[in-house]
Amino acid sequence: MSANIKAPGILHRYTSHLVAFEHTQDGLAPNNSLLFVGGLNEGFLTIPYAQDLAAALAPYNYSFIEVLLSSAFSGWGHSSISQDVEELGKCVEYFQSLRPGAKVILMGNSTGCQDVLGYLAFEGSRPKVDGGILQAPVSDREAIEMIYPAEDCQRYNQMAQQWVKDGKGDHVLPNDVSLSILGARVTANRWLSLASPGPDHAGEDDLFSSDLGDGRFQSTFGVAGKRGAALMILYSANDSFVPKSVDKHALVARMERAFVDAGGQLGKGSGILPGASHTIREVGEVRDEFVERVRNFVQSLDKGP
């Protein structure tokens with residue numbers, strides 16, 4: 001994707017300091033909304049497939065809308081999934097008020113998938129949505145363990161745990177912990193949420209790790225399955241942030257089973273996306289299949305289960 005890009009659209013202010021960008025297509029005014037949240041260090045127009053998806057969905061009465069949360073770009077280092085979910089609820093409320101009776105679907109890429117699953121499964125009162133799409137729901141903990149040597153992970157975890165114990169959870173860790181590699185200054189609280197040290201692996205962000213037990217998936221995917229929103233998982237076959245030791249097919253099957261066993265409606269296109277990288281930078285057949293799966297999913301919600 002070119003570093004220089006422009007896109008026509010409407011900028012919506014859904015709170016006093018947060019905005020969302022709605023991609024527009026000539027001659028079309030979709031009523032339904034697909035609200036998109038990117039991963040760490042992502043923001044407006046940074047995801048490669050945004051314009052392709054916007055163009056593909058508009059004829060089917062869906063706008064592709066990129067949501068800017070406080071955690072966008074480098075803001076994730078001092079934010080949390082709970083804060084993201086709260087802000088996302090305000091964005092949903094805004095578009096539901098703007099377009100009464102229209103459908104709203106949430107979609108996340110990477111860490112944005114934590115926001116979507118958190119919205120569908122965490123405790124609390126939020127406006128209901130019609131569906132959720134998890135594109136590249138990878139484990140940040142397992143990705144961190146790939147990036148950092150084991151001794152560094154242990155040292156950073158111990159440092160962050162001590163800071164939290166000392167009441168400094170909101171303080172920013174030294175730059176060498178995260179800035180040079182992860183691209184943002186990170187608080188002790190957010191580091192522990194992402195790195196999720198053992199033995200309990202209790203980090204709020206730790207929703208997709210391959211070593212989590214079925215009970216953990218039942219407490220997230222299972223809860224989401226009981227709440228009525230449809231779900232589709234799109235796991236990239238060539239995701240560079242997933243350890244080679246992870247059986248992607250088995251992992252996705254466990255997530256899907258926890259959701260379906262609880263009564264959830266799973267999209268027919270859910271599963272592994274062959275040839276795809278983390279953000280689906282590939283053009284051609286891989287991107288086309290991805291777009292087709294998303295388009296079929298949103299159409300299926302108009303037809304019902």
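Helix H2, residues 81-98, packs against helix H3, residues 111-121, at an angle of about 70°. Their axes are 9 Å apart. That makes H2 roughly perpendicular to H3. The crossing of H2 over H3 is right-handed. Keep in mind that this is a predicted model.

Who makes the contact? On the H2 side, Ile-81, Asp-84, Val-85, Leu-88, Gly-89 and Val-92. On the H3 side, Thr-111, Gln-114, Asp-115, Gly-118 and Tyr-119. By class, that contact has five nonpolar, four polar and two charged residues.

Next pair. Helix H8 covers residues 214-226, and it packs with H9 at about 50°. Here the axes are 7 Å apart. H8 and H9 are therefore oblique to each other. Their crossing is right-handed.

H8 brings Asp-214, Phe-217, Gln-218, Phe-221, Gly-222, Ala-224 and Gly-225 to the contact. H9 brings Leu-251, Arg-254, Met-255, Arg-257, Ala-258 and Phe-259. Sorted by class, the H8 contact with H9 has seven nonpolar, three polar and three charged residues.

Where is it? In the loop between helix H9, residues 248-261, and strand S8, residues 271-273. Is Ser-270 buried or exposed? Its relative accessible area is 15%, under the 20% cut-off, so Ser-270 counts as buried.

What does Ser-270 touch? Leave aside neighbours within four places in sequence, and Ser-270 is in contact with Met-232, Ile-233, Glu-256 and Arg-293. Look at Ile-233 in particular. Its backbone nitrogen lies 3.0 Å from a polar atom of the Ser-270 side chain.

Conventions
Residues numbered from 1 in each chain as written. Predicted model: local features only at pLDDT ≥ 70, side-chain atom pairs only at ≥ 80, totals over all residues. Heavy atoms only, no water. Helix = DSSP H or I, 4+ residues; strand = E, 2+ residues; numbered from the N terminus. Buried < 20%, exposed > 50% of the residue type's maximum accessible area, 1.4 Å probe, protein only. Polar contact = N/O pair within 3.5 Å; in protein donor to acceptor, adjacent residues only side chain to side chain. Contact = heavy atoms within 4.5 Å. Axes fitted to C-alpha atoms, helices over the stretch in contact; angles between N-to-C directions. Parallel < 35°, antiparallel > 145°, perpendicular 65-115°, else oblique. Left-handed = near helix turned anticlockwise from the far one by under 90°. Nonpolar A, V, L, I, M, F, W, Y, C, P; charged D, E, K, R; others polar.
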